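The entries follow the order in which I looked.

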Amino acid sequence: MIKHKKIPFLMSGFLLAGVVIIGAQSALAYLTDYKSVVNTIKIGNNTTSIEEEFPTVTPIPPGSNQIIEKLVKITNDDSDGNSVPCYVRAKVYYSTSDMGIYTIQGMSNKWVLGTDDYYYYTDILEPRKTTEAFMKSLKIIGSDVNTNLTTEIENFDINVYEESYQAKDPDTQQIMTWQQAWSKALKKPVEAK
């Protein structure tokens, strides 16, 4: 008989422990609140593109000055809605050095020539906005063309290269001037000539 008294006693002990555990969990669940929040972060970017109007050009006689119409502007694209305000700089160069020198004409006064021979747009370029004219035409100085090679040069390209850098300092989130922005981007001082 002693054996039978121990089994119900043990069973009631297990049952009591189970009730305590379930009750504690229920009480704990009753006193606990939980919410989940998802924070989506979008990374900004500054994607720029060159917009140009370049009509068909007539052949250039060797040794003569020639004005070539070429309207160039730069746009801060915003195809994904994440574009940030930025600064731009641009440079013009020939596909061959034998073409001599040129003069950019019709450039807005918002562009300044830097000591590194890049032209800097001094205003912030907002998303979906376009700069004022980087150039309207290019004057080729014919006396500078290497006339010994003009028979070999049938075609040449007038290339426009541009870069952009965000207007806000990545460290402080403060708006920078064009010199501060480009000095930070290039890790060297940038100044106007």
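I looked up Y165 and W182 and found that both are buried; buried means under 20% relative accessible area, exposed over 50%, and partly exposed in between, with a 1.4 Å probe and protein chains only. The model is predicted, so I kept in mind that local features need pLDDT of at least 70, side-chain atom pairs count only at pLDDT 80 or more, and totals for chains, interfaces and linings use all residues. Residues are numbered from 1 along each chain as its sequence is written, and side-chain values use heavy atoms, with hydrogens and water left out.

Next I counted ring pairs and noted seven aromatic pairs in the structure. Rings of Phe, Tyr and Trp (its six-membered ring) pair if their centres lie within 6.5 Å; planes under 30 degrees apart are stacked, over 60 edge-to-face, and the rest tilted.

I checked W111 with Y121: the pair is tilted, at 5.0 Å centre to centre and 55° between the planes. W111 is in strand β5 (residues 111-113) and Y121 in strand β6 (residues 119-121), 10 residues apart. Helices (H or I, at least four residues) and strands (E, at least two) are DSSP runs, numbered from the N terminus. W111 and Y121 are both buried.

I also noted that ring pairs link W111, Y119, Y121 and F134 into a cluster.

Last, which charged residue lies over the face of Y118, at 3.5 Å from the ring centre? I found R89 there. The charged end of K91 also sits over the Y118 ring, 4.5 Å from its centre. The rule is NZ of Lys or CZ of Arg within 6 Å of the ring centre and within 35 degrees of the ring normal.
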